[in-house]
Amino acid sequence: MRCDFYAYMDRMKYIKRWQLMRSVSDENIMEHSQQVTMFAHALALINHKVFGGDVDAEKCVLYALYHECGEVVTGDLPTPIKYYNNNITGAYKDVEAVACDMLLKVLPDEMSGELSSYMKPDTKCYEYKLMKAADRLAAYVKCLEEIRCGNNEFQKARVSIEDDLKSRALPEVGYFMDTFIPGFLCTLDELQEL
């Protein structure tokens, strides 16, 4: 029996992000998902090691790993359109759910139940909130990178994303911003000055 799920996942590298913005460097959803996965893991570690929390790090990581998988079916709808109004946002969430269902159907039965909980996550749990914050942190880092390269097209997005991150009031995000974001403003030579 042929199973196409991972062939679909491999196509994430063809789905471009930030389509309406002029970018110095292109980013695809595979690269983005890898960065979100690292950041989600970092937020889970911060939750455990800094704040004594008990989030499920594996759940955070797997939510992040699969958070864009539906886009191999739908493509990446630009943020200004996706969030233009509640009707569009709701309709797009429905389309994403159908896309995830389509992908789950190309998995063997013994695997689809397990992956379903990560592709269609519990949006009320703390692990999901950390993953969504990691997603925004990745977008914020993209803005910083573009601005550092002289592309001011990302200035408004940077401010908007920073405000959004602050409004989430997650202590793990504050710690990440204070501890790790300054490094993203450095050149390679500055990073190597230890």
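The model is predicted, so local features need pLDDT of at least 70 and side-chain atom pairs count only at pLDDT 80 or more, while totals for chains, interfaces and linings use all residues. Residues are numbered from 1 along each chain as its sequence is written, and side-chain values use heavy atoms, with hydrogens and water left out.

**Cysteines**
- The count of disulfides (pairs of cysteine sulfur atoms within 2.5 Å) is zero.
- The closest cysteine sulfur to that of Cys 60 is in Cys 125, at 7.6 Å, which is too far for a bond.
- Cys 60 is buried, with 0% relative accessibility; buried means under 20% relative accessible area, exposed over 50%, and partly exposed in between (1.4 Å probe, protein chains only).
- Cys 125 is also buried, at 11% relative accessibility.

**Helix α7**
- Helix α7 spans residues 109-119, and Ser 112, Leu 115, Tyr 118 and Met 119 in it are buried; helices are DSSP runs (H or I, at least four residues), numbered from the N terminus.
- These buried residues line one face of α7, because they fall within an arc of 120° seen down its axis, the arc being that of the directions from the helix axis to the C-beta atoms.
- Asp 109, Glu 110, Gly 113 and Glu 114 are exposed on the other side of α7.
- The buried residues of α7 pack against α1 (5-10), α3 (57-66) and α6 (86-105).

**Asp 122**
- Asp 122 lies in the loop between α7 and α8 (126-148) and is partly exposed, at 43% relative accessibility.
- Beyond its neighbours within four places in sequence, Asp 122 is in contact (heavy atoms within 4.5 Å) with Tyr 63 and Tyr 128.
- Tyr 63 is 59 residues from Asp 122 along the chain, and their C-alpha atoms are 9.5 Å apart.

Definitions and conventions: Helices (H or I, at least four residues) and strands (E, at least two) are DSSP runs, numbered from the N terminus.
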